[in-house]
Amino acid sequence: MNQGTRPPCVVVIGGGTMGRGIALIAAMSGCDTRLVDVSETQLKAAMEYAHRYLANEVRRGRRSEDGVDPVLARLQTSTKMSQVIDGSVDVVIEAVVEDLQVKQEVMTAAEAGLEDHALVATNTSALSVTQIAAYLRNPARCLGMHFFNPVPRLRLCEIVRAVQTSEESITQARQLAELLGKHAIVVEDVPGFATSRLSALLGNEAFRMLEEGVASAENIDDAVRVGLNHPMGPLELGDLVGLDVRLAVLEHLAATLGDRFRPTTTHRRLVAAGFTGRKAGRGVYSYDDDGHRTESPG
């Protein structure tokens, strides 16, 4: 990134849960931020999320009312990648569905409009960054920047070094993560990186305990939150991230790392029923229209 003293211009591709969170923290950090998604509905939801989050920040005394409009002014949306990617862009962060072919196609299309200095990052939580980078004309500038949900609150960012990634790109990604208020760690491009492997195992074991009747969902989550001092229990976290997303990660890890990641029948059945978590109104728990938990469906 050669933006000099100005904050970088950041394009985020994908207006879902992760993309909208990444775009918001970029705008909050002073970056000219452009969020692109093919769905107008997703973009509308992303802006509603930004307004809601900033309003909460004001209510809690963490931000002045005068500080809200400048953030929103820095956050632009578009349904067309060609309208947001140009020579002024310093960083592209892809946050689309966890499908290797889709990510390869999106990253290739994005790179076509970039100058040579721009960094290209994928927010994948488990897929091979090396395979994604292989599709680019300049794979040395490609790496993973794995953020965590909810993005504005969780401080970790895994920087994933692909086989092709240059040291200069690693340095640029570290600088960006620091600007966004994140604590960066560098990991190699192996299945599940560091955190996805640990989180997947914990979440999968929680589902196994639920399936075996060891304890209720609430008590399993309480055990991890209160006993292990995690901010969320593994089952409620799965609902927040999306049980379909977690299932795809587990399937990938089971195929690459072995049977210990094999998803449970309970997890598969919930996803097959469309009970994918908070976004669907039901997962392990049930939720109202505002995303507040109402009950455990059992």
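Leaving aside neighbours within four places in sequence, M145 is in contact (heavy atoms within 4.5 Å) with A121, T122, N123, C157, E158, A173, L176 and A177. This is a predicted model, in which local features need pLDDT of at least 70, side-chain atom pairs count only at pLDDT 80 or more, and totals for chains, interfaces and linings use all residues. Residues are numbered from 1 along each chain as its sequence is written, and side-chain values use heavy atoms, without hydrogens and water.

M145 belongs to the largest nonpolar core, which has 39 residues; I93, L143, M145 and F147 have the most contacts inside it. A second, separate core has 23 residues, including V36, I85, A118 and F193. Such a core is a set of buried Ala, Val, Leu, Ile, Met, Phe, Trp, Tyr and Cys residues joined through side-chain atoms within 4.5 Å. Buried means under 20% relative accessible area, exposed over 50%, and partly exposed in between (1.4 Å probe, protein chains only).

Helices (H or I, at least four residues) and strands (E, at least two) are DSSP runs, numbered from the N terminus. In helix 11 (residues 265-272), H267, L270 and V271 are buried. They lie on the same side of helix 11 because they cover an arc of only 95° around the axis, taken from the directions from the helix axis to the C-beta atoms. The buried residues pack against helix 7 (195-212) and helix 10 (243-257). R269 and A272 are exposed on the face turned away from the buried side.
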